[in-house]
Amino acid sequence: MTGRVGERAVVLGGSMAGLLAARVLAGSYGEVLVVERDAISGTRTARKGVGQGRHVHGLLARGQQILDELFPGFTREAVEAGIPTGDLGELRWFFNGRRLSPGTTGLICVSATRPVLESRVRERVAALPGVRLLERHDIVGLVADDARETVTGVRVQSLEPGAGERTIPADLVVDATGRASRTPLWLEELGYERPEEERIRIDLSYTTRRFRLRDEAVLNGDLSINPVSSPSHRRGAFLSRIEDGLVVVSLTGVLGDSAPADLDGFLRWARTLPVPDIHDAIHDAEPVDDGAVFRYPASRRRRYERLSRFPGRLLVLGDAACSFNPVYGQGMTVAALEALVLREHVSRGEVDPKAFLADIAQVIEVPWQFSAGSDLGYPEVEGERTAEWEATGAYMAELQAAAAVDGAVTATFMRVAGLVDTPDALMTPEMVQRVRAGSRRAQEPLAA
C-alpha cells in the first residue's frame, strides 16, 4: 500500500458490491462514505432496495474465499452463529432431470439468506476506521470540474421531510447502485457517450416461501436440493437450509412462466418439477411467511471498457456494470472479485478509471459467457449463436450427463461453476476422457 490516496471516497450503494468496495478503500482514504437510500444499520430482513432479497441467493465458493480474505474469520463466525454450510459438490444437484453424482470439492457453501449475509459484511465494514454509512439519502447526481474531465463529488438529498439537496466533495466516486445505475445518463449529461449494452432476455421469475420442516430427516442431511432449470426441464427450484432452523424454497420459471405465491398454488407448482424431492420435503411443512415474487427480465452488461473517453475519479462495479441471471448465483462473487481488482489498483495510488474498467471486464467475461451461453440454450432467447457456442453447448451436455455417474466430473464442474478454477479445468485430456466415458455410461439402460 502506498499510503493515503485521497481525503474522501464516496461509494454509491450499500449492498454487497458497495460494502466490499468500501472495505478495500478503507485505509487509502481518510473517510469512506457509503450512501444508501434504505435504512440498513441493524437490518437483517429483506429491504426495498434489493428486489431479490427474500429469495434464495448463492454465494459461490470463490466469493466465500474472498470474504474470508477480506474479513478474517468470516466463515468460522458464520458457522458459530448457526449458519449452515456444506461442500459445494455434495449438495443435491439435478441437471436435465438427473441427479449429479456427489463429488467432494473442498469448497464451502455458506447457506445464509441475502439479508443475513449482507448484514454480517456490513457490520464488519462499518467497524472499520474512517468508514461511515449515510443512510436514507437519495443520490441526485454527480459533480464535475469545469472541464467536465474529473468527477469531484456527488449531490445527495436526505429523505427526511423538508431536507434540501447538498453536495459531498470526493476524491473518488464508486457507483455500486446496481441494475438501476444512472451512470449512463450522468455520462451523457457530462458530454460523454453512453456505454454499449448487451442484453440476454430470459424473463425469469422467482417465487419464494420459507418453511419449518416437520421432520428434517426428509433432507437426508443435505444442505440443499437444486433441480436447475434447463431447456429440457424449464421449471426449476432451489431449497436451502438457512439460519434459525428454517428452509427457503425458490421456484424458478423462465420465459414468462411463474409459480403462484399462495401456498396451495406454490405446492401444486412444486409437484410439476422434474423430480419430486422438493415437494416431498415441503408438502406438510409449516409455512412461516407469505410468498414473494421477483421478476428478472434480462441479463445486462454495460461495456464501459469500450468507451474512448471516461471522466477521472469515477468507477463502476457490481450489477451497475454487469447484471447476471441470478439463477447462476454469480452476482455477489463477481462483485467480490471486482473488489480485489479495486484493491490492486488503489494500492498503486489514484485509480485510472479506464484501466480499472478494462480489468473488471476480464473478471466479468467468464461468468458472462457461462450465464449468457446457458440462457441461449432456450430457442426463444434472442442472441448470437456461434459455432463455438454450439460446440461448447454440446460438450456441456455430455459433461452434465457424465456428472450423473461420475462424482469426479461433478467436483470439477462445481469448482469451475464456483469461479475457483478456470474453464480450462473442464478441458484437460483426463477430464475429456472421463466426460466421454461417463456420458456413454449415462446412456446405458439401467439393469433390471
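How many salt bridges does the structure hold? The structure holds 31 salt bridges, a salt bridge being a side-chain nitrogen of Lys or Arg within 4 Å of a carboxyl oxygen of Asp or Glu.

## Basis of the report

This is a predicted model, in which local features need pLDDT of at least 70 and side-chain atom pairs count only at pLDDT 80 or more, while totals for chains, interfaces and linings use all residues. Residues are numbered from 1 along each chain as its sequence is written, and side-chain values use heavy atoms, with hydrogens and water left out.

E165 and R155 form a salt bridge through their side chains, with an N to O distance of 3.1 Å. E165 belongs to strand β10 (residues 165-169) and R155 to strand β9 (residues 151-158), and the two residues are 10 residues apart. Helices (H or I, at least four residues) and strands (E, at least two) are DSSP runs, numbered from the N terminus.

Both partners are classed by relative accessible area: buried means under 20%, exposed over 50%, and partly exposed in between (1.4 Å probe, protein chains only). E165 is partly exposed at 43%, and R155 is partly exposed at 26%.

## A network of charged residues

R306 and E196 also form a salt bridge, their closest N and O atoms being 3.0 Å apart. R306 lies in the loop between β17 (292-303) and β18 (314-316), whereas E196 lies in strand β12 (residues 196-212), so the pair ties together parts that are 110 residues apart in sequence. R306 is partly exposed, at 46% relative accessibility, and E196 is partly exposed, at 47%.

A further salt bridge joins the side chains of E305 and R303, with 2.6 Å from N to O. E305 is partly exposed, with a relative accessible area of 24%, whereas R303 is buried at 9%. Through salt bridges that share partners, E196, E198, R303, E305 and R306 are joined into one network.

## The nonpolar cores

In soluble globular proteins, nonpolar side chains tend to be buried together. A nonpolar core is a set of buried Ala, Val, Leu, Ile, Met, Phe, Trp, Tyr and Cys residues joined through side-chain atoms within 4.5 Å. The largest such core has 95 residues, of which V11, L20, L25, V121, L342 and F356 touch the most other members. Helix α8 (residues 331-346) contributes the largest share of this core, 10 residues.

Not counting residues up to four places away in sequence, V121 is in contact (heavy atoms within 4.5 Å) with M16, L19, L20, L67, F71 and F74. A second, separate core of 22 residues includes F95, L223, M396 and V435.
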